[in-house]
Amino acid sequence: MRSEEEQVRGPGDRDGITTSTNLSEDREERVTGRSGRWRGRLLVAGLVLTACNLRPAVTSLGPLLEEVRHGLHMSAAVAGVLTSVPALCFSVFGVAAPRLARRLGPARVVALGMAAVALGLLVRPWAGSVPGFLTASALALMGIALSNVLMPVIVKRYFPDRVGAMTGLYSMALSLGTAVAAGVTVPVTSALGGDWRLGLAVWGALAVLAVLPWLPFVRKGEPAAPSGPDRSAEARTADHPVPRVSRSRTAWALAVFMGLQSTGAYITMGWLPQIYRDAGLPAGTAGLLLAVTMAVGVPLAFAIPRMAARRPHQGPVVLVLGLAGLVGYAGLYFAPVGGAWAWALILGVANCTFPLALTMVSLRARTSTGVAQLSAFAQSVGYLLAIPGPILIGTLYEHSGGWGLPIAVMSALLVPQMAVGYVAGRDRVVEDELAHR
């Protein structure tokens, strides 16, 4: 029986050398293709599981904060500081992400980040003291900060022709993790015997799962970036560090937009239930309304990035979401009870500025290295700007004795948010801006 090479040998293939070589190349291409598909699926799984773990460290704590305070003998002042720690950690630790990504590769850094999240969340309930609890929380938040910055980088590098779709996918997963952690932490704690330590530690176990898809990349190295016609011209550009991204007007507009939208999100998560309770609604209903606001973002976080990525200018989308916020705040002021469910839904739409901001980060730089630097700059500056917002609203509420003035300030912040977001949404990249300076 003839061999495979003999069966396909042609008259011009002396000794079967040419055809044998082609067959070997075909086999290699098939193996490479299968390996590439497998690694691509791992990347998608890693993106989704990582995104699911970017907020439970924060939103799982709020429902159990009273129990944590009593268990650790934590003062109200320290508890107030604790609510500002996430934005501070996101700002401080996010700066290190691009440098670590250049040295180790973004996939490895995300793996290390998720390991830090898992360790921090598993340790902090058993720390036994306020300093230990804060330290473990900071460790988890450091891992979240690194992963926050590098999610757009992973998308830009490995899915350059699907930026909108992949950003939408992990944004949807992020919103889902946020809503689920806020909604099920108390029931899960009750099911585990009412021990708040177990209720918080559960989210550390979820973070362990997020480490697993990245392990092959830690052991074998970074996955190969796509090549050929499916790779965009921007992604084919050689990755060189962007010099002084802080000199770009677009980078600053994106950073301020990130800060203002984060301010609105933290205010909503922290104070919306209290607004409803002060209007006369029971605590359970107020909590459910917050859950509705968070849940609205799950499908929209997938749809909005895909829609925005197809447009050369994302500014109009920024304006629509900003106007939704103004309508929601006006409703809270004039009819907080009568239209409670409508305002919860509308504010859920307005809160979808975060996935939009992540999409613009991926679109406003040409290379994955540029995206890493822009993401680090925008998120670090943005989260730093977001720290005072919830504290300011709380202070105004306490001293004014009502929600009129705080809601007015919340509405006023949407005006500059729409302005800088419109500028950040223009069709340009920071590399070109810096080249002309």
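Is Arg366 buried, partly exposed or exposed? The model is predicted. In it, Arg366 has a relative accessible area of 24%, so it counts as partly exposed.

Start with charge pairing. Side chains of opposite charge can pair when their charged atoms come close. Across the whole structure, a search finds 2 salt bridges. Arg366 belongs to one of them. Its partner is Asp432, and the closest N and O atoms are 3.1 Å apart. Asp432 has a relative accessibility of 34%, so it is partly exposed.

Glu433 forms a salt bridge with Arg428, at 3.9 Å from N to O. The cut-off for a salt bridge is 4 Å, so this pair is counted. Glu433 is buried, at 16% relative accessible area. Arg428 is partly exposed, at 36%.

Next, the cysteines. A disulfide is a covalent bond between the sulfur atoms of two cysteines. How many disulfides does the model contain? The count is 0. Cys52 is buried, with a relative accessible area of 15%. Cys352 is also buried, at 2% relative accessibility.

Helix packing comes next. Two packed helices are described by the angle between their axes and the distance between the axes. Helix 13 covers residues 249-278 and packs against helix 18. The angle is about 45 degrees, and the axes are 7 Å apart. The two helices are therefore oblique to each other. Their crossing is right-handed. On the helix 13 side, the contact residues include Trp252, Met258, Gly259 and Tyr266. On the helix 18 side, they include Phe377, Gln379, Gly382 and Tyr383.

Where is Arg55 placed? It is in the loop between helix 2 (17-52) and helix 3 (56-59). Is Arg55 buried or exposed? Its relative accessible area is 11%, so Arg55 is buried.

Conventions. Residues are numbered from 1 along each chain as its sequence is written. This is a predicted model: local features need pLDDT of at least 70, side-chain atom pairs count only at pLDDT 80 or more; totals for chains, interfaces and linings use all residues. Side-chain values use heavy atoms; hydrogens and water are left out. A salt bridge is a side-chain nitrogen of Lys or Arg within 4 Å of a carboxyl oxygen of Asp or Glu. Buried means under 20% relative accessible area, exposed over 50%, partly exposed in between (1.4 Å probe, protein chains only). A disulfide is a pair of cysteine sulfur atoms within 2.5 Å. Axes are lines fitted to C-alpha atoms, for helices over the stretch in contact, and angles run from 0 to 180 degrees between N-to-C directions. Helices (H or I, at least four residues) and strands (E, at least two) are DSSP runs, numbered from the N terminus. Angles under 35 degrees count as roughly parallel, over 145 as roughly antiparallel, 65 to 115 as roughly perpendicular and the rest as oblique. A crossing is left-handed if the near helix is turned anticlockwise from the far one by less than a right angle, and right-handed if clockwise. Contact means heavy atoms within 4.5 Å.
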